[in-house]
Amino acid sequence: MGLVDRGRMPAPLTKLFNMSRSYSLWVYQWGLACCAIEMGAAFGSPRYDVMRLGVIPLPASPRQADFVCISGTVTDKMAPAIKRLWEQMPEPKYSISMGSCANCGGPYWDSYSVTKGVDQIIPIDVYVPGCPPRPEALLEGVVLLQQRIKNEDMAAKWRGDEYRNNRREYEVDDGGYRTHGVSGDPIPSNVPPREPIVVGGGPIE
Amino acid sequence: MAPLSDDQATEESDTDTLALPGDGLREGIVDDLRERIGDALIDAHISPNDDLWVRVTTDGWKDTGTALKAAGFDHFCFLSAIDWMPSPYGTGEDDPDAEPKEPDTEIVQGVTGGETRLQVFARLTDLDRHVGITIKADVPDDEPLVDTWTESFAGANWHERECHEMFGIGFVGHPDLRNMYLPTDFEGHPLRKDFPLLARMVKPWPGIVDVEPMPEFDEEEKNDDQKEDESTEGESS
Amino acid sequence: MTMLSDRQQLSYIASQAADARLNVELETEGMTLNIGPQHPATHGTLRIICRLDGEQVVWAEPSAGYMHRGYEKLTEVRTFPQVTTLINRIDWLGSFANEVPFILAAEKLMEIEAPPRAQVIRTILFELSRIANVSLFLGDLGVQMGAITPVFLAFRDREYVLNLIEGATGGRFHPNFDRIGGLKDDLPKGWIDETRQVMIKLQQFCDTIEDLLFGNEIFQSRMRGIGIIPADIAKSYGLSGANLRASGIDYDLRRDQELPMAWDKADWRVWTHPDGDSFARCWVRLQETRESCKIVEQLLDQIPAGPIMTKVPRIIKVPEGEAWVATENPLGEMGYYVVSKGDLGPFRVKIRSASFNNISVVPWALKGVYVPDVITILASLYFILGDIDR
């Protein structure tokens with residue numbers, strides 16, 4: 001995509017690409033603990049059927065995955081492996097942290113061997129709270145992630161910049177070329193940093 | 001070997017439950033063990049219709065395993081240790097406004113007593129007589145070493161590795177005392193009482209605080225729900 | 001080593017020969033294969049390091065600890081009612097069954113007993129969690145051999161059981177429903193009829209799985225005669241549950257010890273299998289699921305009237321003492337050795353989890369097998385990571 005490489009993208013094309021990306025997400029299922037079973041129920045069971053959302057729960061390899069769902073307790077012994085596999089995933093990549101343990105340590109907040117939150121190791125896009133969250137909650141997390149992808153400024157992502165939203169309030173006027181939602185401009189100062197989404201709302205501490 | 005068909009394969013199990021072990025059987029086991037290991041048996045305790053504990057000397061630890069295996073206790077249940085020193089840190093959930101309590105330093109051993117801070121204990125089961133036994137032994141304070149049980153019970157291998165990692169107790173003759181759970185560079189022995197949980201130290205307990213006020217009940221309702229009330233309130237405190 | 005099967009003896013000799021051959025030119029070279037820690041075949045984060053000669057495992061060693069959460073230390077800083085929240089998560093597929101032995105141990109120290117109604121409901125929920133646990137095992141078994149359909153069936157029918165558990169306790173996964181002295185709540189209205197219907201569905205599920213999987217020729221040829229564990233090895237490694245009974249030992253803690261539970265009120269049987277191979281272990285589990293359905297069906301008719309909580313003090317302090325209680329959990333013998341010093345919380349809790357012992361036999365069982373058999377042996381031993389690492 002030459003246009004993307006040059007760092008400029010017309011709005012309709014961005015929209016088309018983002019929609020295509022958000023409905024063909026390949027997920028790498030990182031099942032660690034109890035949440036892995038609920039993730040299995042959400043991704044692998046006929047009752048919840050994640051494929052209707054356009055998520056393909058098949059890849060066994062991180063190298064072909066679009067987003068990773070980290071579900072369960074992350075221990076200090078496991079943390080290097082998570083970092084390594086996250087680095088193996090191709091850009092653009094996203095992450096969902098599922099369950100209290102992955103979010104912040106959960107019931108093991110005072111343990112000597114548990115990492116208190118996977119966001120210390122990799123950046124997280126969507127947090128799904130719960131111990132474990134119901135499969136429906138995870139599906140909502142997936143939907144929120146898809147919305148985030150739809151709003152994304154692709155070229156900025158391509159350049160390796162932080163996540164950037166191409167919503168109206170972040171527009172800048174660089175004179176002439178741009179219309180609504182053309183990406184590739186330098187990030188203006190009023191763009192907030194990459195903010196994670198929490199299923200069910202609420203602050204992150 | 002030729003696979004058996006399911007009809008042949010299924011053995012009819014005993015439908016009559018075997019007689020449950022009585023205290024007489026347990027006394028017999030203690031006598032039998034005393035005959036086998038002699039003076040190494042220090043103390044025995046029988047909780048009526050419940051369970052059996054014996055304590056043996058540190059030197060007799062290995063022989064006890066062998067003797068009990070010969071006596072029919074051939075199912076290895078677990079092996080672990082207890083640190084009898086009271087924790088110098090407490091649970092970290094004392095009232096923050098109250099005077100700090102004087103930490104308890106007296107070491108009191110449990111059933112069948114003991115003389116040292118660390119004790120190893122193991123449990124074996126006799127699957128035919130349906131009876132179990134808990135064996136305890138002191139671990140010397142200056143040199144925490146006991147003999148390994150791996151020769152009698154292959155399953156003790158992992159349990160001793162875990163025990164070594166968690167308590168710092170060495171097992172003489174164990175083939176491979178690597179860490180079981182924690183990374184190799186982990187410092188300290190977590191299950192020793194003097195190992196602090198740092199997360200509890202840096203974030204002190206705020207005291208019992210109701211984050212959300214409990215909904216108020218009518219007096220009558222309270223009486224009706226008293227039983228349930230009791231159980232839930234017991235937890236929160 | 002006289003108890004070795006012919007197959008294992010041969011493979012042992014072959015592995016010895018393979019070792020000797022390593023120095024000879026133009027022969028296969030040894031290779032170290034690292035399976036895990038995150039690998040689809042290990043369902044969870046168990047890492048297995050295998051030394052291979054060609055297609056044969058010469059030496060294998062599981063490396064645990066990727067899920068070690070420090071339960072035994074954390075119980076020392078929790079109060080007795082708080083501990084049940086924690087120990088739910090040891091064996092996360094059969095959560096309620098984890099709570100029962102700990103609560104029973106605390107009750108034993110306090111010298112109280114739950115009322116008969118609570119005992120029967122406890123037993124029903126215990127068996128429901130066994131069904132929820134083992135049904136997923138039965139579905140997962142197919143996935144290990146490349147058959148995807150059974151896992152969909154398992155997830156579908158397991159949801160019915162989870163709905164029941166949720167209906168009674170409020171939690172799909174981690175009910176935290178058991179209290180010292182009884183249960184938190186009574187059963188909701190209509191629950192008994194619904195349970196009866198679900199039990200019929202689950203028995204049909206067992207029949208389907210038996211037709212689909214156990215009668216399948218591929219399944220049989222990959223399971224029969226593979227991974228044989230003789231009885232004396234099983235005992236010395238401390239195997240328990242279906243793994244022990246599949247080696248021909250007739251021992252079930254539900255029947256063979258006295259506990260204030262209601263298993264003796266139902267008519268059921270303990271299944272054993274003399275083969276000790278992978279097939280036997282899976283087959284025993286299938287039969288156990290059926291027996292569990294029977295137990296639940298019978299106990300539903302026998303729930304006595306009465307309270308569900310006995311009198312317990314507002315703030316629970318457990319008297320000084322030591323108690324050991326083990327029950328026959330879905331994975332095997334799960335026990336708690338609880339030491340109390342008369343405080344709000346336990347002084348020391350030794351958690352004897354079934355999978356830890358069941359998996360410690362892996363280095364022995366994998367010696368001399370072929371790489372594809374590693375997966376089936378591990379699957380048939382059936383472990384849950386939280387239960388190994390705690």
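Two strands count as paired here if DSSP finds at least two bridges between them. Strands themselves (E, at least two residues) and helices (H or I, at least four) are DSSP runs, numbered from the N terminus. Keep that in mind while we walk through this predicted model, where local features need pLDDT of at least 70, side-chain atom pairs count only at pLDDT 80 or more, and totals for chains, interfaces and linings use all residues. For bookkeeping, residues are numbered from 1 along each chain as its sequence is written, chains are lettered from A and ligands numbered from 1 in the order in which they are written, and side-chain values use heavy atoms, with hydrogens and water left out.

Let's start with chain B. Its secondary structure comes to seven helices and seven strands, and from the N terminus on the elements run α-α-β-β-α-β-β-β-β-α-β-α-α-α. Of the 237 residues in chain B, 43% are buried, where buried means under 20% relative accessible area, exposed over 50%, and partly exposed in between (1.4 Å probe, protein chains only). Contact means heavy atoms within 4.5 Å. Among contacts in chain B between residues at least 6 apart in sequence, 63% join residues at least 24 apart.

Now zoom in on strand 2 of chain B, residues 51–56. Six of its six residues are buried, so the strand is largely enclosed by the rest of the structure. In a regular strand, side chains alternate between the two faces of the sheet. Here both faces are covered: B:Asp51, B:Trp53 and B:Arg55 are buried on one side, and B:Leu52, B:Val54 and B:Val56 are buried on the other.

What does strand 2 pair with? One partner is strand 1 of chain B (residues 41–47), which pairs with strand 2 in the antiparallel sense over six bridges. The hairpin of these two strands has three residues between them, and B:Asn49 takes a positive phi near 55 degrees there. Strand 2 is also joined by four bridges to strand 5 of chain B (residues 131–139), and those two run parallel.

Several elements give two or more residues to the side of chain B that touches chain C, among them strand 2, strand 5 and helix 4 (156–167). Strand 3 of chain B gives the most, with nine residues. This side divides into 31 nonpolar, 16 polar and 23 charged residues. Altogether, 70 residues of chain B are in contact with 64 residues of chain C. The two chains bury about 6,100 Å² between them, 55% of it on carbon and sulfur atoms; buried area is the accessible area (1.4 Å probe) that two parts lose on being put together, summed over both.

How does chain B meet chain A? Eleven residues of chain B are in contact with five residues of chain A. About 750 Å² is buried between them, 69% of it on carbon and sulfur atoms. In chain B, B:Leu197, B:Ala199 and B:Arg200 lose the most area to chain A, together 43% of what that side buries. The salt bridge count between chain B and chain A is zero, and the rule finds one residue pair in polar contact. The side of chain B that touches chain A divides into ten nonpolar, no polar and one charged.

Note on methods. Ala, Val, Leu, Ile, Met, Phe, Trp, Tyr, Cys and Pro count as nonpolar, Asp, Glu, Lys and Arg as charged, and the others, Gly among them, as polar. A salt bridge is a side-chain nitrogen of Lys or Arg within 4 Å of a carboxyl oxygen of Asp or Glu. A polar contact is a pair of N or O atoms within 3.5 Å; within protein, one must be able to donate a hydrogen and the other to accept it, and residues adjacent in sequence count only if both atoms are side-chain atoms.
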